[in-house]
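Trainee: I have not seen this structure before. Could we go through it together, one question at a time?

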Amino acid sequence: METNAKNMFETMADMQKQAVENLTNATEQIKKNLFTTNMVDSDIFKKWYDSQMAFFNQNKGDNKNASNPMEFFNTWMNNQMETAKTWFSNNNNPFMNNMNMNDDMKKNYDNMMSMFNNWSGTMNNTYSEMLKNFNAGSGKDAFSGLFNNAELYMKSFELWMPMFKSIQDKSFTPETFKQLFNAPLFKDMMDKMFNMQPDFMKNMNEEAKANMFKMMDANKGMFDNMKNMMNSNMPSSNELFSQLFANYNKMQNSMNNSVAPLMKLMPQGPAKQNIESMNELANEFNIFNLKNNQMQYMMYATGLKAIEEVADSIATKVRNGEEVSNFMDIYNQWLAINDKNFVALFETDEYSKMQADLSSFGMKLKRNINLQMEKAMENLPLINRTEMDELYKTVYELKKRINVLEKQIDADSTEVAAEVKTTAKKASKNS
Amino acid sequence: MMNMNAAGIMEEMTKTSEKLVKGYETLQKIDEVEVATTPKELVWQSDLVKLFHYKRETPATCKIPVLVSFAIMNRQDVLDLQPDRSLMKKFLDMGLDVYIMDWGYPQKQHRYLTMEDYILGFMNDAVDFVRKSTGNDKIHKMGICQGGTFSAIYASIFPEKLKTLTTYVAPYDFSGNECMLYKWTKDIDVDAMVDTMGIIPAKMIDNGFGMLKPSAEVSKFLNLPNMMGDEAKLSNFLRMEKWKNDCPDLAGEMFRKYIKDLWRDNKLIKGEFELGKYKVDLKNITMPFLNIYATEDNIIPNSSTTPIAKVIGSKDKSEHAFQGGHIGVFVGSKSQKELAPMVVKWVMDRT
């Protein structure tokens with residue numbers, strides 16, 4: 001426990017130092033842009049940091065604190081934040097109220113965000129350490145859920161942060177929202193919330209890709225070019241999908257045309273069949289990714305619509321002079337509007353058919369890859385999945401047969417026992 | 001009011017960190033929570049399926065035993081989540097003699113188990129065991145959700161073995177699209193799923209249910225930090241989570257027929273469903289029938305549960321509208337105070 005606590009605290013100390021250094025730099029830059037007064041007194045930071053490390057060093061060897069590291073961590077964390085908060089507020093309030101978010105200011109505000117991101121990075125770094133202190137079970141699962149959702153909450157907080165000032169100033173409009181909207185961060189949030197690729201799909205995709213490249217490597221001469229073309233042509237989610245499919249088909253056809261003469265020279269046989277199968281697999285894999293991107297685009301677009309509704313709602317409140325006093329209210333509103341929009345999407349025929357199509361295609365692709373893998377490994381002394389399935393079928397049928405026979409024996413035994421009883425009764429009557 | 005500048009940002013980060021630290025401290029101290037603690041003993045097993053008999057301290061006042069079958073895609077432990085929210089315990093306390101089926105955890109070798117195996121095999125064998133071991137020609141049968149549908153199918157084929165049939169929040173008519181699951185199952189390529197995976201992963205089914213309310217997984221953890229000081233509330237939360245995360249995979253062939261014949265083609269309510277050598281005619285359900293549905297059920301709409309009343313042959317048939325949701329039927333306090341006594345009385349009156 002003491003070892004784990006030390007690792008966490010050392011990490012925390014480093015992160016805090018980095019965070020405050022970034023904060024210092026950002027503050028300096030901001031002040032430079034607006035004032036000609038003195039820079040932030042860096043001695044303050046040095047003194048503060050030294051005093052914290054002295055506190056830490058005093059306590060880390062103490063058995064009493066080692067047995068309750070979290071209480072110590074809690075106190076220490078509060079001290080850091082209170083000190084940094086007071087220091088920052090004392091030095092920066094005058095100009096913070098004058099921020100007008102021109103390009104330079106935006107850049108420096110982004111620098112300040114790195115403080116936030118360092119905090120987030122610290123929590124993530126210590127997360128795996130924290131989990132080691134749990135036994136597997138409900139407590140660990142609940143903490144994982146708590147942590148992951150705190151992460152989502154803070155991502156959402158980060159998304160709205162650039163807009164807080166204008167909300168407080170009552171100058172917030174939907175246009176402000178669009179200007180300050182961070183699309184990559186929003187995509188992260190959606191991915192986290194909807195688990196855009198659940199583990200089994202992620203594993204399937206990763207396995208499929210890895211297996212396919214392994215098979216291609218086995219036929220390296222023929223497919224080096226195709227592999228490179230696949231990697232460089234993986235589509236992004238922002239392109240128009242019909243155009244993507246058309247472009248992809250063009251690429252596929254030109255690739256097929258370029259290798260066609262060579263393929264004609266190859267004699268018919270397992271090698272040629274293998275190559276043709278892998279060509280087909282690569283094609284199917286790319287189509288799957290295109291369809292998957294199409295589906296995800298639908299999800300992202302719906303998520304965007306939901307958050308724009310939240311922005312409209314806040315803008316209306318601001319216009320009507322209502323207070324937006326609490327980020328938790330914004331967050332809860334976003335969750336509710338998100339639900340409304342996504343449930344509406346999920347209930348559409350379009351979504352249902354797309355989901356079914358994607359699932360069906362993905363399943364067939366996985367099946368084909370598995371079959372190709374089995375063919376590639378057929379000379380190895382390994383039992384493959386098809387053979388195991390045949391075995392399972394045999395075992396299943398045998399179990400059924402045994403079940404029937406056991407019931408027959410039971411029934412026969414009952415009949416025999418009844419007969420014996422009747423015979424014995426008759427015999428005793430006659431005697 | 002929140003200070004929406006950098007100082008406010010730091011305060012928000014501090015608050016979130018504090019909640020995480022408090023959560024870490026408290027959750028670390030919690031031993032594994034237990035569910036399904038009402039004492040019971042294993043009395044019968046066939047392959048992965050088990051039959052348990054709840055232990056009684058006093059003799060049952062109801063002489064005919066009850067056999068309960070839950071849905072296959074979730075664990076029956078939710079019926080006995082904790083002592084003060086246990087439908088099974090309530091039944092025992094009120095005098096019933098209760099047996100419960102445990103459908104087990106299908107592994108890869110179980111991929112070929114069919115609906116016939118589950119209903120004509122496991123369920124029928126369990127019924128026969130209870131009948132034989134208790135010396136009763138007929139027993140009371142209860143089924144929940146998918147277990148209710150299966151129990152109704154069973155009752156149509158073997159009406160002579162059942163004294164009464166009670167089903168809770170069970171789907172019978174799959175023609176509607178009120179719930180998105182009903183729409184999706186019309187489109188999914190279940191053959192591709194089963195042929196590829198063999199065993200249907202529980203995570204896939206769970207993700208589907210999760211999409212009924214996407215924010216539920218997020219919002220439940222928003223309230224968790226507030227529970228850290230209340231051990232009872234926290235334990236209740238953890239028990240529910242434990243049950244929710246303990247979902248079995250599904251045998252592929254059973255899943256294939258269940259989705260195609262019932263969800264997609266709606267054969268059961270139309271009288272076109274066949275199981276093995278049997279043509280399933282719901283008119284053959286002639287024993288007293290009690291159908292319980294939840295008025296705010298967002299998983300199995302009432303329009304899917306109630307139509308069975310029109311097609312069964314029972315003269316003694318009734319339905320009960322439970323004010324609540326799908327899970328509330330068996331875990332809420334209303335279930336303890338209102339539903340359980342009503343059901344026990346109904347069963348006892350027909351014993």
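Mentor: A residue is buried if 20 or more other C-beta atoms, placed from the backbone, lie within 10 Å of its own, exposed if 12 or fewer, and partly exposed in between. Strands (E, at least two residues) and helices (H or I, at least four) are DSSP runs, numbered from the N terminus.

Trainee: How are residues and chains labelled, and what limits come with the model?

Mentor: Residues are numbered from 1 along each chain as its sequence is written, while chains are lettered from A and ligands numbered from 1 in the order in which they are written. The model is predicted: local features need pLDDT of at least 70 and side-chain atom pairs count only at pLDDT 80 or more, whereas totals for chains, interfaces and linings use all residues.

Trainee: What is the mean pLDDT of chain B?

Mentor: pLDDT is the predictor's confidence in each residue, from 0 to 100. For the complex, the predictor gives a pTM of 0.78 and an ipTM of 0.89. In chain B, 96% of the residues reach 70 or more, and the mean pLDDT is 92.

Trainee: What radius of gyration does chain B have?

Mentor: The radius is taken over C-alpha atoms, and the globule rule is 2.2 Å times the number of residues to the power 0.38. The C-alpha atoms of chain B fill a box of roughly 75 × 50 × 40 Å along the principal axes. For 351 residues a compact globule would have a radius of gyration near 20 Å, which agrees with the value for chain B, 22 Å.

Trainee: Which share of the residues in chain B is buried?

Mentor: Chain B has 16 helices and 12 strands. One of these strands, strand 5 (residues 139-144), is mostly covered, as 6 of its 6 residues are buried. Over the 351 residues of chain B, the buried share is 48%.

Trainee: Which strands stand at the edges of the open sheet in chain B?

Mentor: This sheet has 8 strands in the order 1-2-4-3-5-6-11-12, with mixed pairing; two strands pair if DSSP finds at least two bridges between them. The edge strands each have a single partner strand, so one side of each is left without a neighbour in the sheet; they are strand 1 (40-46) and strand 12 (317-322) of chain B.

Trainee: Which residue is the bridge partner of Leu42(B) in strand 2 of chain B?

Mentor: Strands of a sheet pair through backbone hydrogen bonds, either parallel or antiparallel. Strand 1 and strand 2 (residues 49-54) of chain B run antiparallel and are joined by 6 bridges. In strand 2 of chain B, the partner of Leu42(B) is Phe52(B).

Trainee: Which residue of strand 6 of chain B stands opposite Ile144(B)?

Mentor: Strand 5 and strand 6 (residues 162-168) of chain B pair in the parallel sense over 6 bridges. Opposite Ile144(B) stands Tyr168(B).

Trainee: Through which helix does chain B cross from strand 5 to strand 6?

Mentor: A crossover is right-handed if, with the strands pointing away from the viewer, the path from the first strand over the helix to the second runs clockwise. The β-α-β crossover from strand 5 to strand 6 of chain B is right-handed, and its helix is helix 4 (residues 146-157).

Trainee: Which residue of strand 4 of chain B stands opposite Val68(B)?

Mentor: Val66(B) and Val68(B) are buried on one side of strand 3 of chain B, and Leu67(B) and Ser69(B) on the other. Strand 3 runs parallel to strand 4 (residues 98-102) of chain B, with 3 bridges joining them. The residue opposite Val68(B) is Ile100(B).

Trainee: Is Cys145(B) buried or exposed?

Mentor: Cys145(B) lies in the loop between strand 5 and helix 4 of chain B. Its phi is positive, about 55°, although Cys145(B) is not a glycine. Most residues other than glycine have a negative phi. With 26 C-beta neighbours inside 10 Å, Cys145(B) counts as buried.

Trainee: How many other C-beta atoms lie within 10 Å of Asp47(B)?

Mentor: Asp47(B) sits in the loop between strand 1 and strand 2 of chain B. Phi of Asp47(B) is also positive, near 55°. Asp47(B) is partly exposed, and the number of other C-beta atoms within 10 Å is 16.
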